[in-house]
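Thanks for coming, everyone. Please have a look at the sequence and the model before I start.

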Amino acid sequence: MTICPEERCTGCGACQSACPADCITLALNSAGDRVAVIDESRCTHCGKCNRICPVLHPPVLRESRTALAAYAVEAQVRQSSASGGAAAVLARQVVESGGCAYGAAFTAPTTVELVRVNAPAQLPRLQGSKYVHAATGSAYRKVQADLKAGRQVLFTGTPCQVDGLYRFLGSRPENLTTCDLVCHGVPSPGVWEDVARAIEKKKNKRLEAVRFRNKVEGWKNSHFTTVYEDGTVDSAPLFATGFGRAFGRALFLRQSCHRCQYTNLNRPGDFTLGDLWGLKPDEFPEQQHAGISLLLVNTPHGSYLFDQLKLECQPFPVERAIAGNPR
């Protein structure tokens with residue numbers, strides 16, 4: 001039994017979370033990607049997984065026309081972020097207002113999952129790029145419980161994860177804010193685990209932490225930094241490493257990423273966030289070293305929240321934003 005063709009499955013997890021019989025798991029296939037697997041002995045054939053699968057029912061979305069160059073006012077927030085820190089500012093606004101934020105975080109050096117954060121001290125877990133497919137796990141169900149309890153919720157993820165959340169919920173609750181990322185495509189978690197184990201074997205010590213986009217030499221020359229159990233650190237420009245070169249050339253992205261239905265201006269989230277690539281040297285010259293976010297405001301709900309954010313922003317032509325971000 002299958003829900004959608006394996007090569008088109010995004011691993012969004014909507015089917016797993018929605019299954020009333022809990023008979024669907026996301027298991028690694030031979031390429032190291034999570035795909036839906038059905039336990040036929042427990043399946044009741046209710047059809048809910050087929051009804052909500054975003055692959056089987058392509059999204060009908062709105063087209064964003066508002067693009068902004070944005071960066072955090074606080075230097076430390078910006079330094080700890082992959083680009084301008086707009087995602088961190090958005091998460092802080094929701095959490096400090098009594099809500100909670102969901103996003104990708106390392107739960108181990110080899111594992112990235114969508115986690116829940118409800119205290120300002122926990123927010124750094126969500127900062128920085130994680131170039132590994134984040135496991136959805138129970139995040140959708142936790143979001144649903146928070147929404148039913150009346151909490152304000154921010155959910156940040158890849159466009160397919162954001163769309164998967166809406167399919168699971170079956171609506172767009174007023175107390176939910178979503179942010180989809182300008183996604184390069186998600187590397188296989190199986191491949192990343194192999195890479196991490198190979199690094200440990202070469203160094204003969206255990207990994208404690210990883211940063212894929214460390215700004216030790218600024219935004220445009222992000223470093224791949226590894227921290228080991230003995231406190232030692234290795235750091236090199238991301239695209240000078242084997243992992244970075246392979247990621248940049250899309251050698252181990254999941255198959256569905258090569259035919260992604262979200263690589264356009266029709267975005268599922270209230271906001272879209274990415275790096276403002278393609279800037280000319282004379283555009284924001286004093287800000288480029290620290291990093292600048294590309295921010296799209298896609299909905300009236302997003303516009304309302306945007307007015308409360310502590311961000312430095314300037315309008316930027318949508319056409320230029322597209323040119324710098326082909327995805």
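First, the ground rules. This is a predicted model, where local features need pLDDT of at least 70, side-chain atom pairs count only at pLDDT 80 or more, and totals for chains, interfaces and linings use all residues. Residues are numbered from 1 along each chain as its sequence is written, and side-chain values use heavy atoms, with hydrogens and water left out.

Now the overall build. The protein has ten helices and 15 strands. Those are DSSP runs numbered from the N terminus: helices are H or I with at least four residues, strands are E with at least two. The C-alpha atoms fill a box of roughly 60 × 50 × 35 Å along the principal axes. For 327 residues, a compact globule would have a radius of gyration near 20 Å; this protein has 19 Å, which agrees. That radius is taken over C-alpha atoms, and the globule rule is 2.2 Å times the number of residues to the power 0.38. Buried residues make up 52% of the 327. Buried means under 20% relative accessible area, exposed means over 50%, and partly exposed is in between, with a 1.4 Å probe and protein chains only.

Next, a sheet. Three strands form an open sheet in the order β9-β10-β11, with antiparallel pairing. Two strands pair if DSSP finds at least two bridges between them. β9 (207-214) and β11 (233-237) are at the edges with a single partner strand each, so one side of each has no neighbour in the sheet. Neighbouring strands are turned by 10° against each other on average, direction ignored. Helix α7, residues 189-203, packs on this sheet and touches β9, β10 and β11. Its direction makes about 115° with that of β9. Axes here are lines fitted to C-alpha atoms, for helices over the stretch in contact, and angles run from 0 to 180 degrees between N-to-C directions. Contact means heavy atoms within 4.5 Å. Inside the sheet, five bridges join β10 (223-228) to β11. Thr 226 stands opposite Asp 234 in β11.

On to the hairpin. β5 (100-108) and β6 (111-117) pair antiparallel over seven bridges. Two residues connect them in a hairpin. Ala 105 has Glu 113 in β6 as its bridge partner.

Salt bridges, then. The structure holds 16. Each is a side-chain nitrogen of Lys or Arg within 4 Å of a carboxyl oxygen of Asp or Glu. What does Arg 116 form a salt bridge with? Its partner is Asp 146, with the closest N and O atoms 2.8 Å apart. Arg 116 is in strand β6 and Asp 146 in helix α5 (139-148), 30 residues apart. Arg 116 is partly exposed at 30% relative accessibility, while Asp 146 is buried at 4%. Arg 151 joins these two in a network of salt bridges.

Arg 197 forms a salt bridge with Glu 193 at 4.0 Å, and one with Glu 200 at 3.0 Å. Glu 200 is buried, at 14%.

Last, Asp 33. Its place is the loop between β1 (24-28) and β2 (34-38). Asp 33 is buried yet has no salt bridge. The nearest side chain of opposite charge, Arg 254, is 4.7 Å away. For charge, Lys and Arg count as positive, Asp and Glu as negative; His and the chain ends are not counted.
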